[in-house]
Amino acid sequence: WRHSESSTAGGMDQKPYAQEAQVRSVQEHLDRCDIPARAVMGGRLPGHVDVQPHFDEHPLVSIIIPNKDSIDLLERCVESIADHTDWPNYEVVVVENNSEDEATFKAYKTMAERFGFLRVVEQESDGTFNFSRSVNLGVSEARGDYVLALNNDTEVLVDDWLSQMMLVATRPQVGVVGAKLLYPDDTIQHTGILVGRFFGPVPSQVWWDGADPGYYDYNAVTRRVCAVTGACMLMRKATYEELGGMDEKSHAIDYNDIDLCMRAHDAGLHVVQQSTALLRHYESVSRGGKQSHAARVQFMAEVGSYRERWGSYLASGDPYYSVNVMPGSMFFHLDWGQEFAYGEPRYLG
């Protein structure tokens, strides 16, 4: 392809005034919308504008982390928060539920002394795992105006993760904000959840290269979705309470996050995937998978509850994702009645 030395076909730097105009147009939009941020030519995506938060005030954010034993996971998670959080005002509320190792409780005391922002609340329990109940308790004990549900098997990867999420969460029309999560091999686990038609609910763009921006930068941009994962989910405490929190009865373990997001969506609030907030997720390490028959029975019951409650989306399709685009680099081959977690992936080339 022939091009002149002054053409942008040879590189974006050939016409720097175009980039300056691009930054200026985004900054003027931020100013008009009263969004506390600066526009700069991006480092995350070449040729794109990065939006850097710039807050005058920093509301307290309460980070809720349910935990049973798994001290090594919890310590790694909390250390990553301490090392990689530029948001200056936060607390960590560890919700203890069903721990059996005495060393766990000694470790809690040591961690509380080491990290002044951490405290532990103990959940009364009959011995069963109920993620929704744990998060609801943590929210009730939270001192912050904003609450962030976070799995203990996560690890923060970028310093501005919470600032980027708060940049969205503080907007009045936003109900829920999610983050981008990577598997340990740096492939994508979550960039939002698809809830409609034949492939829902399922994480979007799963197993793509984490550095790949995707189709029209789908994996990299901030965008509206129907649902995000509760492994890292931020919202106003008041909004969480107004929506009734997570459903402890019908969704004790699965789909509690999606159900909450769908209720926010139906209430007219925006659910936003903030893919500039980046964490690693060692999924289900602390609780294991659904190997037992009882666990599968409960899972299928919660699948049924989800389908009954949100069947209109399964029938009509996810409003934020085209049915003409596959939900990632793969599709699941299923028999009717079999859920995605047990399907065999079939790559389409």
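This is a predicted model: local features need pLDDT of at least 70, side-chain atom pairs count only at pLDDT 80 or more; totals for chains, interfaces and linings use all residues.
Residues are numbered from 1 along each chain as its sequence is written, and side-chain values use heavy atoms, with hydrogens and water left out.

The protein contains nine helices and 16 strands; both are DSSP runs numbered from the N terminus, with helices (H or I) having at least four residues and strands (E) at least two. Of its 349 residues, 50% count as buried. Here buried means under 20% relative accessible area, exposed means over 50%, and partly exposed lies in between, using a 1.4 Å probe and protein chains only. A contact means heavy atoms within 4.5 Å. Among contacts with a separation of 6 or more, 73% come from residues 24 or more positions apart.

The interior can be followed through its nonpolar cores. A nonpolar core is a set of buried Ala, Val, Leu, Ile, Met, Phe, Trp, Tyr and Cys residues joined through side-chain atoms within 4.5 Å. The largest one has 45 residues, and those with the most contacts inside it are Val61, Ile63, Ile81, Leu148, Trp161 and Leu234. Helix H5 (residues 161–169) supplies the largest share of this core, with seven residues. Leu234 shows what such a position looks like: leaving out residues up to four places away in sequence, Leu234 touches Val61, Tyr146, Val147, Leu148, Leu162, Met165, Met166, Ala169, Gly175, Val176 and Val177.

A pair of helices comes next. Helix H2 (residues 71–83) and helix H3 (residues 102–114) pack at an angle of about 10 degrees, and their axes are 11 Å apart. The axes are lines fitted to C-alpha atoms, for helices over the stretch in contact, and the angles run from 0 to 180 degrees between N-to-C directions. H2 and H3 are therefore roughly parallel to each other, a label for angles under 35 degrees; over 145 counts as roughly antiparallel, 65 to 115 as roughly perpendicular, and the rest as oblique. On the H2 side the meeting residues are Ile71, Leu74, Glu75, Val78 and Glu79, and on the H3 side they are Thr104, Ala107, Tyr108, Met111 and Arg114. By class, this contact has six nonpolar, one polar and three charged residues. In this scheme Ala, Val, Leu, Ile, Met, Phe, Trp, Tyr, Cys and Pro count as nonpolar, Asp, Glu, Lys and Arg as charged, and the others, Gly among them, as polar.

Cys33, in turn, is partly exposed, with a relative accessible area of 32%.

The loop between helix H1 (16–32) and strand E1 (37–41) holds Ile35, and Asp34 is found in this loop as well. Asp34 is exposed at 68% relative accessibility, and its phi is near 55 degrees, a positive value in a residue other than glycine. Ile35, by comparison, counts as buried at 12%. Not counting residues up to four places away in sequence, Ile35 touches Leu30, Leu167 and Arg171. Ile35 and Val168 are 133 residues apart in sequence, yet 9.0 Å apart in space, C-alpha to C-alpha.

Two asparagines sit in other loops. Asn98 lies between strand E4 (90–96) and H3; it has a positive phi of about 70 degrees although it is not a glycine, and it counts as buried at 17% relative accessibility. Asn219 lies in the loop between strand E11 (202–203) and strand E12 (223–225) and is buried, with a relative accessible area of 0%. Beyond its neighbours within four places in sequence, Asn219 is in contact with Lys180, Ile188, Thr191, Gln205, Trp208, Asp212, Pro213, Gly214 and Ser275.
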